[in-house]
Structures are given as structure tokens and as C-alpha cells.
Amino acid sequence: MNDVDVSNQIQQMVRFIRQEAEEKANEISVSAEEEFNIEKLQLVGAEKKKIRQEYERKQKQVEVRKKIEYSMQLNASRIKVLQAQDDLVTSMREAASKDLLNVSHHKFQHQHNYKELLKALIVQGLLRLKESSVLMRCREDDIHTVESVLHLAKEEYAGKAHVHPPEIIIDHINLPSAPSPDDPHALSCSGGVVLASRDGKIVFENTLDARLDVIFRGKLPEIRKLLFSQVAA
């Protein structure tokens with residue numbers, strides 16, 4: 001083999017080696033680019049997932065805050081409605097108390113037959129206590145009226161309870177007077193009586209104010225239903 005052949009053979013081997021190197025370099029480049037793209041997609045996907053999770057978390061926080069705010073507003077509205085209802089019921093109770101004063105007022109006593117009412121209240125108290133001797137309190141303004149019906153009240157009780165007429169002692173301590181506009185917070189009584197056993201262990205308050213309280217409490221569900229049924233619906 002001469003020098004020319006050797007030179008040609010060497011050049012051929014060099015071209016082959018260069019071609020192999022270029023192909024290998026291309027393979028490495030392609031592989032590296034594919035890995036880079038895959039890794040890039042994974043990073044982008046992970047970041048998207050992170051962003052989506054953060055968005056969902058914040059969205060849930062916003063929804064929770066909205067629910068809390070709505071609930072607070074709803075509760076505040078309910079409280080306002082309930083307060084308005086209570087104010088209306090209270091005003092009705094106060095109006096009834098003012099009307100109750102007319103029953104025992106000296107100008108209207110005959111019209112409302114307060115004398116007969118006092119007798120009935122005394123009899124009712126005696127029937128509740130069932131004592132042979134009782135203490136009784138009334139307003140100073142009612143002492144003469146009470147004394148005028150006391151005998152009839154005792155006889156009526158005795159007939160209903162089938163017992164002897166009881167002893168009724170009018171206490172020297174009087175019930176408070178009627179409410180005064182000059183001192184609306186002072187103790188007051190619109191009329192009626194309070195009866196107690198002689199030892200004071202049993203007390204039955206049968207004043208007009210106490211009767212109104214009993215009736216009002218008993219009728220309160222019905223009153224609320226009549227006034228606020230449309231609101232509840």
C-alpha cells in the first residue's frame with residue numbers, strides 16, 4: 001500500500017469518526033432538549049397546580065367569609081326584628097296597665113263595678129289560701145270599699161268552701177298607691193288585694209297588676225301569633 005492509499009484510508013477513517021461524533025452529538029443534543037422540555041413541562045405543571053391550589057384556597061376563604069358575613073347580617077336582622085317585636089309587646093303591656101288604672105280610679109269605679117271586683121278578688125284569695133284566719137292588704141284608697149264588701153266576701157267563701165266564715169284582718173301596712181306620672185319608677189299598685197296566712201308563709205297576690213301579668217303571660221303566645229304570624233311566614 002503506497003502513501004496515497006494510506007492517506008485516503010486515514011481521511012476516510014477521520015470522516016467516519018467525525019460523522020459518528022456529529023451523530024452522537026446530535027443524539028445528545030436531542031436527548032438533552034427532550035429532557036429539558038420534559039422537566040420544563042413538569043415544572044410548569046407543578047407551578048400551575050400550586051397556583052390552582054392557592055386560588056382554590058383563597059376562593060374557599062372568600063366563600064367562608066361571605067357565609068360568615070351573611071350569617072352575621074342575618075342574625076343582626078333577626079335580633080332587630082325580635083327587639084322590635086318585644087318593644088311592641090312591651091308597649092301593649094304598658095298600654096294595658098294604663099287602662100287598668102281606670103278600673104280602680106274613683107271617677108270610673110262605678111262604671112267598672114270595682115266594688116264587686118274587689119269582693120271577687122277577696123273570695124278568690126280565700127279559696128286559694130283555705131285558712132280560717134288571714135291577713136289582707138289593700139291600697140289606702142280602697143280601705144273603705146274593702147270594708148264594705150268584707151262581710152259578703154266571707155259569707156260567699158264560706159258557702160263555696162263549706163266552712164265557717166274566716167277571720168280577715170286588714171293589715172295596717174297598705175299596698176302602694178296608683179302609679180304617678182311624677183315618679184313612674186316608684187312602687188305602685190293599680191288596685192286589688194294581697195292575702196296571706198297569719199304566719200306569713202302563704203301569700204297570694206291578687207292585685208289588678210298581678211292578674212294582668214298572669215293573663216298577659218298566658219295570652220302572650222296568642223298575642224305574638226296574631227301580631228307576627230305574617231312576619232314568621
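Trainee: Leaving aside its neighbours within four places in sequence, which residues is Asn206 in contact with?
Mentor: First, keep in mind that this is a predicted model. Asn206 is in contact with Leu121, Gln124, Gly125, Gly192, Val193, Val194 and Arg211.

Trainee: Where does Asn206 sit?
Mentor: In strand 4, which covers residues 203-207.

Trainee: And is Asn206 buried or exposed?
Mentor: Asn206 counts as buried, because its relative accessibility is 0% and the cut-off for buried is under 20%.

Trainee: Switching to the largest nonpolar core. Which residues touch the most other members?
Mentor: That core has 23 residues. Ile122, Leu126, Met136, Val146, Ile168, Val193 and Leu195 touch the most other members.

Trainee: Which elements give two or more residues to this core?
Mentor: Helix 1, helix 3 (114-129), strand 1 (133-138), helix 4 (143-161), strand 3 (192-197) and helix 5 (208-232). Helix 3 gives the largest share, seven residues.

Trainee: What does Leu195 touch, not counting residues up to four places away in sequence?
Mentor: Its list includes Ile122, Gly125, Leu126 and Leu129. Val134, Leu135 and Met136 are also among them.

Trainee: Now the surface. Which residues form a nonpolar patch there?
Mentor: Val6, Ile10 and Val14. Together they have about 220 Å² of accessible area.

Trainee: Which helix is Ile10 found in?
Mentor: Helix 1, residues 3-104.

Trainee: Why does Ile10 count as partly exposed?
Mentor: Because its relative accessibility is 46%. Partly exposed lies between the buried cut-off, under 20%, and the exposed one, over 50%.

Note on methods:
Residues are numbered from 1 along each chain as its sequence is written. This is a predicted model: local features need pLDDT of at least 70, side-chain atom pairs count only at pLDDT 80 or more; totals for chains, interfaces and linings use all residues. Side-chain values use heavy atoms; hydrogens and water are left out. Patches are made of residues with over 30% relative accessible area and no salt bridge: like charges are joined within 9 Å, nonpolar side chains (Val, Leu, Ile, Met, Phe, Trp, Tyr) within 5 Å. Accessible areas come from the Shrake-Rupley method with a 1.4 Å probe; for residues, only the protein chains shown count as cover. A salt bridge is a side-chain nitrogen of Lys or Arg within 4 Å of a carboxyl oxygen of Asp or Glu. Helices (H or I, at least four residues) and strands (E, at least two) are DSSP runs, numbered from the N terminus. Buried means under 20% relative accessible area, exposed over 50%, partly exposed in between (1.4 Å probe, protein chains only). A nonpolar core is a set of buried Ala, Val, Leu, Ile, Met, Phe, Trp, Tyr and Cys residues joined through side-chain atoms within 4.5 Å. Contact means heavy atoms within 4.5 Å.
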